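Student: I have a new structure open and would like to learn how to read it. Could we go through it feature by feature?

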Amino acid sequence: MNSLQNYLLLSSLLFSIGLAGVLIRRNAILVLIGIELMLNAANINFIAFWRFGPDPSALTGSYSHFFPSASPRPKQQSGWLLFSLRIGIPELPT
Amino acid sequence: MTASFMVLALLTVAGMAAAMGLRNAVHCVLALTLGFAGIAALYLQLGAQFVGLAQIMVYVGAVAILAVFAIMMTHNPESANLPVFSSQWIVGCIVAAAVFAVLARAISSSAAFTQVLPPQPDATVHQIGDSLMHRYILPLEIMGLLLTAALIGAVVIAMDRKEEMK
């Protein structure tokens with residue numbers, strides 16, 4: 001049977017992959033995608049803690065997923081918009 | 001560890017690693033879609049139907065398309081020969097591996113995370129909508145305000161650009 005540990009290990013692995021992407025990629029859009037990946041890893045944690053928590057019927061996981069995944073969205077999107085409209089060529093310095 | 005979890009975890013990790021490692025940016029986004037679909041399947045496996053389907057709609061659908069658009073709009077043919085990774089990529093990989101090592105050690109050494117799955121709760125969309133409209137109405141409104149502000153900001157940025165071109 002799955003334990004909470006497996007989900008937490010998976011999400012920390014995804015977080016590290018996202019962090020590596022943010023640190024090593026030069027294309028700024030892919031850096032933003034790396035940030036997206038780290039946010040997704042956090043969401044897996046929310047859902048896993050909700051499911052394995054003392055009171056899964058309280059639905060807290062659904063809300064704690066809903067708000068964190070929706071609130072960084074404007075920043076992310078405006079980042080993409082800024083890159084595509086203003087800077088044009090998002091290449092970071094080596 | 002069940003077989004379905006293993007398959008989904010492998011699929012997700014492979015998709016995400018490819019998304020961060022491939023050379024072509026469009027291929028990266030396609031691999032990212034695979035990873036997001038794997039995460040959605042994990043949510044469904046955990047019994048969070050609403051969240052899983054929202055993940056498919058928002059991430060697999062909208063975010064991937066937005067990323068493809070952003071990449072194509074900013075595509076620069078001159079940058080095709082430039083390296084895709086930063087020159088200090090080894091340092092970045094070491095930092096990420098160290099972060100994973102710390103997290104994994106903390107998670108696997110704790111006894112608090114080994115409990116087995118409690119019985120399946122019934123989290124219906126009806127219940128979620130009901131409490132979003134009653135108990136969590138204020139956070140919902142604040143989020144709506146934030147999204148509206150972002151929308152207006154996007155329009156303002158685009159308008160500025162148009163005036164510059166004239």
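Student: Let's start with helix 1 of chain A: how many residues does it have, and what span does it reach from its first C-alpha to its last?

Tutor: This is a predicted model, so keep that in mind throughout. To read a helix's length, compare its end-to-end span with what 1.5 Å a residue would give. Helix 1 of chain A covers residues 4-24, which is 21 residues, and reaches 30 Å, close to the expected 30 Å.

Student: Is that helix mostly covered or mostly exposed?

Tutor: For that, count the buried residues: a residue is buried if 20 or more other C-beta atoms lie within 10 Å of its own. In helix 1 of chain A, 17 of the 21 residues pass, and the helix is mostly covered. Over chain A as a whole, 52% of the 94 residues are buried.

Student: What else makes up the secondary structure of chain A?

Tutor: Chain A has four helices and zero strands, and its pattern along the sequence reads α-α-α-α.

Student: And how many helices and strands are there in chain B?

Tutor: Six helices and zero strands. In chain B, 18% of the 166 residues are buried.

Student: How is chain B divided into domains?

Tutor: The domain assignment gives domain 1 as 1-77 and domain 2 as 124-166. Their C-alpha centres lie 24 Å apart.

Student: Where is helix 3 of chain B kinked?

Tutor: The kink is centred on Val63(B) and comes to about 25°. Even so, helix 3 of chain B, residues 49-73, reaches 35 Å with its 25 residues, close to the 36 Å expected. Val63(B) is also buried, and the other buried residues in this helix include Val51(B), Gln55(B), Tyr59(B) and Ala67(B).

Student: How do I describe two helices packed together?

Tutor: Two packed helices are described by the angle between their axes and the distance between the axes. Take helix 2 (residues 25-45) and helix 3 of chain B: their axes come within 8 Å and cross at roughly 175°. Angles over 145 degrees count as roughly antiparallel, so helix 2 of chain B is roughly antiparallel to helix 3 of chain B.

Student: Which residues make that contact?

Tutor: From helix 2 of chain B, they include Val29(B), Leu32(B), Phe36(B) and Tyr43(B). From helix 3 of chain B, Gln55(B), Tyr59(B), Ala64(B) and Ile71(B) are among them.

Definitions and conventions. Residues numbered from 1 in each chain as written. Chains lettered and ligands numbered in written order. Predicted model: local features only at pLDDT ≥ 70, side-chain atom pairs only at ≥ 80, totals over all residues. Helix = DSSP H or I, 4+ residues; strand = E, 2+ residues; numbered from the N terminus. Buried ≥ 20, exposed ≤ 12 C-beta atoms within 10 Å, placed from the backbone. Expected span 1.5 Å × (residues − 1). Bend = angle between axes of the 7 residues up to and from the residue. Domains from an automatic or database assignment. Axes fitted to C-alpha atoms, helices over the stretch in contact; angles between N-to-C directions. Parallel < 35°, antiparallel > 145°, perpendicular 65-115°, else oblique. Contact = placed C-beta atoms within 7 Å.
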